[in-house]
Amino acid sequence: AEQLMYDTYACWCLKTSDRKAKAITKAQDDLKDLGQLIIKLKGKVATLMSGVADLMTKIKENEDAQEEATSIRQKENEQFLAESTEMKEVLKALGNALVVLKDGSFIQQGSRARASIAAVVDALPSAFMPKSKDVALLRKFAALRGGAKYTPQFASIQGILKEMYDTFSSDLESTTEAEAKKNKDFEELLAAKQKELGKMRDMVDKKEQEKSEAETSLAENTQTYDETEAQLKADAKFFDEMKKGCEDKHKEWTERSKLREQELEGITKALEILSSDEARELFAKSIKEGKETHVDASKDSGVDISFIQVAQGSEPVMKAYASVKAFATKTHSLRLAALAARIRTAKAG
């Protein structure tokens with residue numbers, strides 16, 4: 001029964017140690033793979049975060065550039081509107097003056113001519129600097145009063161007005177074309193910036209999504225790593241304790257088996273001595289008539305052999321006693337010690 005129990009225990013030790021060893025090896029491999037994956041995911045998250053930050057910086061720069069370009073365009077447009085309005089007013093005044101002076105002389109038109117010239121002088125923008133002598137002549141003519149003397153210089157006024165009209169018309173056309181080009185360039189710039197901005201925002205959304213997925217995967221794999229590591233420690237501790245327990249049990253069983261073999265050897269030796277011809281002869285003389293105890297009544301021989309009575313100092317008995325005693329001392333066997341005592345105290349009848 002003890003052998004069966006030990007064999008069962010030894011089988012359990014073998015199977016369990018093999019199973020735990022494989023589990024430990026697998027856990028170590030899994031931790032290595034998980035560790036590499038975690039490092040990779042951390043790098044990916046960091047890269048995506050950096051990419052998002054760079055894109056956000058570029059988006060801010062793009063928005064600032066659009067805002068600045070818009071501000072500049074608005075100021076340029078305001079300046080154009082102011083200048084074109086002034087030039088249109090000048091052209092209107094010049095047109096009126098040319099109409100007044102077209103069909104009559106300065107003297108004939110009188111105050112009407114002076115008023116139209118004065119309107120031209122008043123409409124001239126401060127930024128416009130025509131020939132100073134021409135402006136001076138216009139101012140002089142506009143300042144004439146009734147009965148003033150006409151001078152030949154005034155004959156060139158119509159020509160001056162025509163030249164100024166052509167100049168302002170040309171300037172207005174050039175300014176309008178320049179404004180149109182600036183506005184077109186602005187719209188193209190804004191369209192390009194907005195397209196670029198849209199792409200960058202899409203990239204941010206994509207990277208944010210990838211970062212979110214990577215962070216989720218990182219959290220899950222980190223948890224799996226921690227759980228695997230905890231299980232590995234538990235398995236390693238169990239394996240070490242089980243290994244020690246199994247080794248101790250094997251050592252104990254080996255020692256017990258060795259002692260039992262020695263015990264059996266002692267008993268066998270004692271039996272050899274006690275079954276010698278000399279011992280048999282001595283037992284034949286010592287057996288008394290009587291009833292055997294602790295045996296089946298049907299097998300009762302009528303001889304009392306509950307105690308084998310031999311003469312003290314009998315050589316075979318003393319040899320058996322010495323042999324059994326030596327094995328009992330060596331193996332620490334209580335059963336051998338009891339047998340030795342029984343042999344030692346036996347008396348001849």
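**First stop: W12 and its surroundings**

Select W12: apart from residues up to four places away in sequence, W12 touches S17, F238, M242 and C246, where contact means heavy atoms within 4.5 Å. The model is a predicted one, in which local features need pLDDT of at least 70 and side-chain atom pairs count only at pLDDT 80 or more, whereas totals for chains, interfaces and linings use all residues. Residues are numbered from 1 along each chain as its sequence is written, and side-chain values use heavy atoms, with hydrogens and water left out.

W12 is found in helix α1. Helices (H or I, at least four residues) and strands (E, at least two) are DSSP runs, numbered from the N terminus. At 40% relative accessibility, W12 counts as partly exposed; the term buried means under 20% relative accessible area, exposed means over 50%, and partly exposed lies in between (1.4 Å probe, protein chains only). Display the C-alpha atoms of W12 and C246: these residues are 234 apart along the chain, and the two atoms are separated by 9.4 Å.

**Second stop: the disulfide**

Look along the S-S bond: with -90° about it, the link of C13 and C246 is left-handed. C13 lies in helix α1 and C246 in helix α5, so the pair ties together parts that are 233 residues apart in sequence.

Colour both residues by accessibility. C13 is buried, with a relative accessible area of 8%, and C246 also counts as buried, at 14%. Now select C11, which is in no disulfide; the nearest cysteine sulfur, that of C13, is 9.3 Å away. C11 counts as partly exposed, at 35% relative accessibility.

**Third stop: rings**

Next, select Y6 and W253 and show their side chains. Rings of Phe, Tyr and Trp (its six-membered ring) pair if their centres lie within 6.5 Å; planes under 30 degrees apart count as stacked, over 60 as edge-to-face and the rest as tilted. By this rule there are 2 aromatic pairs. One of them is formed by Y6 and W253, which are stacked at 4.8 Å centre to centre, with 10° between the planes. Because Y6 lies in helix α1 (residues 2–102) and W253 in helix α5 (residues 157–274), the pair ties together parts that are 247 residues apart in sequence. Y6 is buried at 12% relative accessible area, and W253 is buried at 14%.

Then move to K20 and F238. The charged end of K20 sits over the ring of F238, 5.2 Å from its centre; this requires NZ of Lys or CZ of Arg to be within 6 Å of the ring centre and within 35 degrees of the ring normal.

Select T228 in helix α5. Is T228 buried or exposed? At 16% relative accessibility, T228 counts as buried. Leaving aside neighbours within four places in sequence, T228 is in contact with A27, D30, L31 and L34. The C-alpha atoms of T228 and D30 are separated by 7.8 Å, although the residues are 198 apart along the chain.

Continue to N62, found in helix α1. N62 is buried, with a relative accessible area of 2%. Residues up to four places away in sequence not being counted, N62 touches K193, E196, L197 and M200.

**Last stop: the whole chain**

Finally, show the entire protein chain, which has 8 helices and 2 strands. Buried residues make up 30% of its 349 residues. Colour the chain by pLDDT, the predictor's confidence in each residue, from 0 to 100. The chain averages a pLDDT of 80, and 70% of the residues score at least 70. Among the elements, α1 has the highest mean pLDDT (93) and strand β2 (residues 303–304) the lowest (40). Over residues 287–313 the pLDDT is below 50. Where pLDDT is low, the predicted coordinates should not be read in detail.

How values were computed
A disulfide is a pair of cysteine sulfur atoms within 2.5 Å.
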